[in-house]
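Good morning, and thank you for joining. I shall present one structure today, beginning with the overall fold and ending with a pocket. Please look at the sequence and the model first.

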Amino acid sequence: MAESESGADKSEEPTGKRLEEARKKGQIARSKELGTLAVTFGGAAALLIYGADIGQVLLGTMRGNFSLPREVLLDDGSMARQLVATGFEALLALQSFFVVMLIASVIGPVALGGWLFSAEALQPKFSRMNPLEGLKRMFSTKALVELLKALAKFVIILMVALAVLKSDQDDLLAIANESVESAILHAMQVTGWSLLWMACGLILIAAVDVPFQLWDTKQKLMMTKQEVRDEYKDSEGKPEVKSKIRQLQRQMAERRMMQQVPEADVVITNPTHFAVALKYDPAKGNAPMLLAKGGDFLALKIREIAQEHKVTLLESPALARAVFYSTEVDQEIPAGLYLAVAQVLAYVYQLKQFRSGKGKRPAPLSNLPIPPDLRRDE
């Protein structure tokens, strides 16, 4: 089990945030052996596919350079031009080989860990210049694995090379007796197959290295229980900070509610424990809207503001509790309270008419129809 610098066991799996931060820093699993395998296979495949064409072009170029006219040989300027032309022909002949090698050199590294460009990983790290850190790396588990891989690679490649040389011995000896053209093409073929067999030997090294790199990278990213708790606090916020934020949010919501109380048609009270402010605007909705609600001290503030702005106050404990518990601020009241609130609004309208001298005083409201499922007893 891995240990942190403080000595605590890193027993926890890395979190998503830890993995994301590690990827930004370029700390992902990479296998050099997988890259070497891809390049070797790519080179072998390119030689087997394009070797004959490359050999033909190089052979023609060599023949042309060995049969130059006398005037070209005696002209210093023409020799320079001939050199440039020969180099250009060689590059054209090798371009297919280079393209395959380029693709292989890209596929190899990204096959494990995916494509990643990290500017942070390119920054110089002066900690690597520390001799003590260098000694730790030299005698670490990873250094031991790298040493074993190097020895295994040497032994495997040596055995494969000897086996290939032994199997191709007759072909290699036969090349000496062939014509130049045939010898070049034959050599390309033998080289391609030899390289392919050597690449097959590298499969064993890559098969060991890839799981090790995945394991080693995961071990480096493992976390202690304290690190997990600290990360949770950082991501979710410390309890005292969250409490302060909630308090500020409540204060802002309360201020907004108080600003809406003067717009209410009626404030229904408990009479002291609860207060709810309702407004009905047919142009905005089909049902009355709850503008503000509160209990105890907040209920008192709602009543005070309502009195300041001459908003009608109505005592109805059952209806006040039903609205308070069933409806959130800036939401319409539930359908079960439509009839009761409609009677209240009609009463408020008649009361306003009476106060303006345009009607009779309405009878006090009693026994408002509140469904049993919406009733709340204190």
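Among contacts in the protein between residues at least 6 apart in sequence, what percentage join residues at least 24 apart? The figure is 75%, where contact means heavy atoms within 4.5 Å.

Some conventions are needed before I continue. This is a predicted model, in which local features need pLDDT of at least 70 and side-chain atom pairs count only at pLDDT 80 or more, while totals for chains, interfaces and linings use all residues. Residues are numbered from 1 along each chain as its sequence is written, and side-chain values use heavy atoms, with hydrogens and water left out.

The protein has 14 helices and 4 strands; these are DSSP runs numbered from the N terminus, with helices being H or I of at least four residues and strands E of at least two. Of its 378 residues, 32% count as buried. Buried means under 20% relative accessible area, exposed over 50%, and partly exposed in between, with a 1.4 Å probe and protein chains only.

Let me turn to helix α4, residues 76-110. At 1.5 Å a residue, its 35 residues should span 51 Å, and the end C-alpha atoms are 49 Å apart, which agrees. The expected span is 1.5 Å times one less than the number of residues. Where does α4 bend? The bend, of about 45°, is at Leu-94; this is the angle between axes fitted to the seven residues ending there and the seven starting there. Ser-78, Thr-86, Ala-93, Phe-97, Ala-104 and Gly-108 are the buried residues of α4, and they pack against α2 (32-66) and α3 (70-74).

The loop between α2 and α3 holds Leu-68. Apart from neighbours within four places in sequence, Leu-68 is in contact with Leu-73, Met-79 and Gln-82.

Beyond neighbours within four places in sequence, Ala-306 touches Val-261, Val-267, Val-311 and Leu-313. By contrast, Thr-141, in helix α7 (residues 141-167), is exposed, with a relative accessible area of 53%. Thr-141 and Asp-216 are 75 residues apart in sequence, and their C-alpha atoms are 9.4 Å apart in space.

Two loop residues other than glycine have positive phi values. Lys-310, between α12 (297-308) and β4 (312-315), has phi near 60°; its relative accessibility is 75%, so Lys-310 counts as exposed. Asp-330, between α13 (317-326) and α14 (338-355), has phi near 70°; at 35% relative accessibility, Asp-330 counts as partly exposed.

Finally, the second largest pocket holds about 180 Å³ of space. On a 1 Å grid over the protein atoms alone, a pocket is an open set of points where a 1.4 Å probe fits, with protein on both sides within 12 Å along at least five of seven lines, and lining residues have an atom within 4 Å of a point. The volume is the space filled by probe spheres set on the points, which are joined across faces, edges and corners. Of the 10 lining residues, Lys-279, Asp-281, Lys-284, Met-289 and Leu-291 lie nearest the centre of this pocket. By class, the lining has 3 nonpolar, 2 polar and 5 charged residues. Ala, Val, Leu, Ile, Met, Phe, Trp, Tyr, Cys and Pro count as nonpolar, Asp, Glu, Lys and Arg as charged, and the others, Gly among them, as polar.
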